[in-house]
Amino acid sequence: MALEFYDALETRDPEARATALAAALPRQVAQARAGAPHYRALLADIDPAAITSPEALVALPVTRKSDLIRQQAEQPPFGGVVATELGALARVFVSPGPIAEPEAAVPDYWRYARALFATGLRRGALLHNCFAYHFTPAGSMLEGGARALGCPVFPAGTGNTEMQARAAAQLRPHCYSGTPDFLKTILEKGEELGLDLSSLRLGHVTGGAYLPSLRDWYAARGLTVLQSYGTADLGLVAYESEAREGMILDEGVVVEILRPGTGDPVPDGEVGEVVVTTLNPHHPLLRFATGDLSAILPGASPCGRTNRRIRGWMGRADQAAKVRGLFVRPEQVAALLRAVPGLGRARLVVSLEGERDAMLLRAEAPHPDPGLAARLGEALQAATKLRGAVELVPPGSLPNDGKVIDDTRPVPG
């Protein structure tokens, strides 16, 4: 069967994509600075014309969700990061945080048509959309993508398993969208009730862990169920194709993988925090730190799409731990590594020694010298205001999992 693609952007030569970004990134930075008060102040000393590649983004500060929550409380409703007037928007959402997210009045604002097309959804097929339609934008994200493909949508929302199964038996949808496990729940309820749900052949899932056992369950029933990764702030970030080898980056974002707690990129293949710059002129988030961990996969997807790929969601980067009454954060570990250069990966292990919190800094040292451990101990105390032990280990000893603080203390029962 011939390969199909949503548009020509997916199969561009990487040089053509880089050329397009060289024009789009300065335009996006200029738009953010001109239209969004937060970026007008933050980027006052930045020349947009100099930001012509993903590598040049390192000159810009990182913005975190916690920054937006604080700014929105001080400057409602959007904290100065939206470059479109409120009256020109189609919808406004409020996700947990609380944090307000705009939806502009443009087709497929969240860019989910590309991910649904990769799943196999085509014009005229009915989408059974089991994402929430209230407060958070998830339902609107998938609906907008389906409508852009020319597909009608059943706005099923969440919960009500028996009603979901009966509605699917009546409406005969071709594709499900929702969390990874809820499709299984609906199908099992349909079997229990003796309903024919054989029309459901496709699924597009996100918002939860898509475990191998669940993949196998769907495959055994002849269903094609693929996943994507996105957020309520950014929309689609990456999506799976029929190749099922990592997630391909959306054409409307630029993704960096940074060492947690820093603005520093890590080498391809190393796990770090997913930081995203959108090419959305209405909500121009620049270097937005998601708090999620992933890594860049080498090479291109066997499916023929040429954009870079990530391994998918690999955990959370916000690994703060409270030690002896003080919070210790990845940013502090990054600070001590800057104070003692020449090291590889480092991990701060928090444990209990009897009834007392203890810290052990394990650091990869290519060329350890007799005073290195002592200097690291001093830097650790300066960064965290806490004393801890230091262990120097050979390069490559620490796992490539993005973990900077490993809290091994038992969770209180």
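In this predicted model, the charged end of R221 sits over the ring of W217, 3.6 Å from the ring centre, where sitting over a ring requires NZ of Lys or CZ of Arg to be within 6 Å of the ring centre and within 35 degrees of the ring normal. Because the model is predicted, local features need pLDDT of at least 70 and side-chain atom pairs count only at pLDDT 80 or more, whereas totals for chains, interfaces and linings use all residues. Residues are numbered from 1 along each chain as its sequence is written, and side-chain values use heavy atoms, with hydrogens and water left out.

**Rings and charges**

- The charged end of R329 is likewise placed over a ring, that of F327, at 5.0 Å from its centre.
- Five aromatic pairs are present in the structure, a pair being two rings of Phe, Tyr or Trp (its six-membered ring) with centres within 6.5 Å, counted as stacked if the planes are under 30 degrees apart, edge-to-face if over 60, and tilted for the rest.
- One of these pairs joins Y109 and W110 in an edge-to-face arrangement, with 4.9 Å centre to centre and 90 degrees between the planes.
- Y109 counts as buried because its relative accessibility is 8%, and W110 counts as buried at 2%; the classes are buried for under 20% relative accessible area, exposed for over 50%, and partly exposed in between (1.4 Å probe, protein chains only).
- Y109 and W110 also belong to a cluster, linked by ring pairs, that includes F93.

**Overall fold**

- The protein chain contains 10 helices and 21 strands, which are DSSP runs numbered from the N terminus (helices H or I, at least four residues; strands E, at least two).
- The C-alpha trace of the protein chain spans about 75 × 50 × 45 Å along its principal axes.
- Of the 413 residues in the protein chain, 50% are buried.
- Of the contacts (heavy atoms within 4.5 Å) between residues at least 6 apart in sequence, 64% join residues at least 24 apart.

**Q164 and its surroundings**

- Q164 lies in helix α6, which covers residues 161-171, and counts as buried at 3% relative accessibility.
- Leaving aside residues up to four places away in sequence, Q164 touches H128, C130, F154, A156, G157, T158, G159, F182 and I186.
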